[in-house]
Every structure is written in C-alpha cells, then in structure tokens.
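Keep it short and work from the model.

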Amino acid sequence: MTAAYTPDFQARLDRDHAALGGHGSVRVVAVDPGPIPGVVVLSGGQRSTFQCDPDSVLWLVRTLLAAGFADARRILAVERFVVGMRSAHSSTPKAGAVTRDMIGALTELGRSLPDVSVVLRSASEVMTWASDKRLGAAGLLVPTRGMPHARSAARHALFSAVKDGNQPDPLSTAKVRAP
C-alpha cells in the first residue's frame, strides 16, 4: 500500500514560507547519477521528475538550478557512488566509470555556480528515511512510477529539502524551523 499525496502539504509549504517572511524558499535539484541519470527538482512546492541520457544531465541540472525564485536557497544533492558488493554485481565497469565521472562533473558544476550548496550522500544514508510512504505524502511516488532512477533522485531531493533546506517533513505536523 502506498501513501497518497496529502493536499495540505502544499498549503503547509506556503504557510511556512510566508511565516519566514518569504525567505524560506529552497530549490533542490537532486541527481541519481549513472548511465540513466534520474533528476528531480523541488521548488516552491512544485516538483518535476526526469530521466535522461548522461550527455544531457549537466545541461538539465544547470538549467534547473538557474530557474525559480531569485531569493531561493539552491541545493544540488547528488547520490554518492559507493563501491560495494551490490554495486560490483549490479553494474559494469563502464557504468561505474560513467557514474564516477558524472558525480565529479556535477560537483564541479555546483561549486562553480554562485550560492549553490552541493551535498553528496550515499543511498544508504537516505533510503531508510525517504520511504515510499514519505515520498507518497510529498507527491513524489506517482510521478516517479516506472522511473527507478528518478525515484532514487526524489528520495535525495526530499531528504535534502527537509534536512538541509529546513522544509517541512511531509509526515510531520510540525512547522518548518526558521533558518
């Protein structure tokens, strides 16, 4: 059973944004790097999900970071590649090289842009907290159906929005913390 999008989540984002004087907005662009990168952007209660080819990901991320609120904090959340037993069995050496190169290029891109925070986290740091129930409550489960890489990016985007961007947890009734 999956959780449904809670209609009051957008209202809570709007209320908390107003309570912070409009300075609580954050734009999170998250990427699940690899041969089929997943990209998710969360901004002002809006969400967009993508899967693209490796050659398009830098252009897409740069475009998504540039768009949006002028006063929004911008965060680039990238899944850190961890070499382990599972990754060794599930990917080819070429896929591993593509992933590592993409992480390096995305990190360099984020650090080259003014006022962009770059956050690298492994899947294991995010997966337990960013459950399907939490994704559903944030309205990210249905848009990523059939797009596993976008769903992974959605987990990173939501985790970063809450933990780094002080946005409300979609499963909590508490208000957002002031920066």
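Buried means under 20% relative accessible area, exposed means over 50%, and partly exposed lies in between (1.4 Å probe, protein chains only). The model is predicted: local features need pLDDT of at least 70, side-chain atom pairs count only at pLDDT 80 or more, and totals for chains, interfaces and linings use all residues. Residues are numbered from 1 along each chain as its sequence is written, and side-chain values use heavy atoms, with hydrogens and water left out.

**Overall fold**

The protein chain has seven helices and five strands. Helices (H or I, at least four residues) and strands (E, at least two) are DSSP runs, numbered from the N terminus. Along the sequence the pattern reads α-β-β-β-α-β-α-α-β-α-α-α. Of the 179 residues, 48% count as buried. The accessible surface comes to about 9100 Å², and 58% of that belongs to carbon and sulfur atoms. Areas come from the Shrake-Rupley method with a 1.4 Å probe; for residues, only the protein chains shown count as cover. Contact means heavy atoms within 4.5 Å. Among contacts between residues at least 6 apart in sequence, 68% join residues at least 24 apart.

**Nonpolar cores**

A nonpolar core is a set of buried Ala, Val, Leu, Ile, Met, Phe, Trp, Tyr and Cys residues joined through side-chain atoms within 4.5 Å. The largest one has 22 residues, and Val28, Val40, Leu140 and Leu158 have the most contacts inside it. Elements giving two or more residues to this core are β1 (26-32), β2 (38-43), β4 and α7 (148-163). Helix α7 gives the largest share, seven residues. Apart from this core lies another, of 18 residues, with Val29, Leu64, Leu65 and Val116 among them.

Leu158 contacts Leu42, Trp129, Arg134, Leu135, Ala138, Leu140 and Pro170, leaving aside neighbours within four places in sequence. Ala161 lies in helix α7. Its relative accessible area is 6%, so Ala161 is buried. Ala161 and Arg27 are 134 residues apart in sequence, yet their C-alpha atoms are 7.9 Å apart in space. Not counting residues up to four places away, Ala161 touches Val28, Leu42, Asn166 and Gln167.

Glu79 sits in strand β4 (residues 73-79).

| Side-chain pair | Polar contact distance |
|---|---|
| Glu79 and Ser152 | 2.8 Å |
| Glu79 and His156 | 3.0 Å |

Not counting residues up to four places away in sequence, Glu79 touches several residues, including Val31, Asp32, Ile103 and Arg121.

**Positive phi**

Most residues other than glycine have a negative phi. Asp115 is not a glycine, yet has a positive phi of about 60°. Asp115 is in the loop between α4 (93-112) and β5 (116-121). Asn166 also is not a glycine and has a positive phi, of about 55°. Asn166 lies in the segment after α7.

Are these residues buried or exposed? Asp115 counts as exposed because its relative accessibility is 69%. Asn166 counts as buried because its relative accessibility is 16%.

Methods. A polar contact is a pair of N or O atoms within 3.5 Å; within protein, one must be able to donate a hydrogen and the other to accept it, and residues adjacent in sequence count only if both atoms are side-chain atoms.
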